[in-house]
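Subject: Structure for you, with notes on its aromatic rings

Hello,

The structure is below for your files. My notes on the aromatic rings follow it.

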Amino acid sequence: MFLHEDAFEALPLKPDVRHLVTDHLKSKVQGIILGLVLAGHRVVAMAQHKQFKSHPQDICVLVNFIMSSSSLRTAEAWTPVCLPHFHNAAFAYAYVSFFEDSDVAVVFLSSMDEADQFYAISQHAHHLKNMLVSTNTLSQIESAILQTPVELRSGLSADANRDLPDNQLALLLDRVIHFAYFVPATSQVFSSAVSPAYRDKARRKMLFR
């Protein structure tokens with residue numbers, strides 16, 4: 001995940017696919033304040049309660065906590081989480097469910113810890129996961145994971161690739177090692193793959209010092 005205190009990284013995805021996932025994340029289960037579908041350390045889609053405003057730092061903390069814990073991948077999980085901007089004296093409760101053998105996870109954040117809450121959220125999550133499979137959306141998400149981070153040259157047209165020396169865009173991209181683009185309005189950041197010339201350990205270390 002790109003380290004920026006006011007942003008999280010979204011998975012590059014077609015808008016109609018993201019809208020479909022976002023619509024199905026919305027839930028009427030009492031207590032849910034935030035729903036997420038994650039693809040590794042990137043966010044596929046997010047839906048939040050109209051009275052709750054998530055902070056990008058909390059999203060980053062939550063994503064890193066989930067992706068760094070192998071125990072959360074083995075079964076449905078219900079765990080307290082401490083988020084710096086949610087409440088300074090209380091926990092939120094995270095429901096986490098990964099697809100089998102996948103980095104794609106369904107996450108719901110709740111302000112309640114009652115026993116019935118887990119089961120209500122679990123039922124909604126199962127409906128969401130079934131939808132992602134039946135509509136082939138899961139396959140599209142996993143395909144997007146394999147293409148991320150995006151190679152700078154992948155945006156060039158076939159015509160441009162035929163004659164790179166005469167293509168000004170290609171010449172410009174040849175000089176770009178890495179870039180990141182921050183969108184303040186959505187608290188999202190996009191970052192490219194590092195140029196192939198800087199992917200060995202020594203040169204990458206030199207670049208990011």
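Rings of Phe, Tyr and Trp (its six-membered ring) pair if their centres lie within 6.5 Å; planes under 30 degrees apart count as stacked, over 60 as edge-to-face and the rest as tilted. Trp78, Tyr93, Tyr95, Phe118 and Tyr119 form one aromatic cluster.

This is a predicted model, in which local features need pLDDT of at least 70 and side-chain atom pairs count only at pLDDT 80 or more, while totals for chains, interfaces and linings use all residues. Residues are numbered from 1 along each chain as its sequence is written, and side-chain values use heavy atoms, with hydrogens and water left out.

There are five aromatic pairs in the structure. One of them is tryptophan 78 with phenylalanine 118, edge-to-face, at 6.1 Å centre to centre and 70° between the planes. This pair links strand β4 (residues 77-81) to helix α3 (residues 115-134), with the two residues 40 apart. Helices (H or I, at least four residues) and strands (E, at least two) are DSSP runs, numbered from the N terminus.

Phenylalanine 118 is buried at 18% relative accessibility, and tryptophan 78 is partly exposed at 26%. Buried means under 20% relative accessible area, exposed over 50%, and partly exposed in between (1.4 Å probe, protein chains only).

Phenylalanine 118 also pairs with tyrosine 95: the centres are 5.7 Å apart and the planes at 50°, so this pair is tilted. Tyrosine 95 lies in strand β5 (residues 92-98) and phenylalanine 118 in helix α3, so the pair ties together parts 23 residues apart in sequence. Tyrosine 95 is buried, at 0% relative accessible area.

Regards
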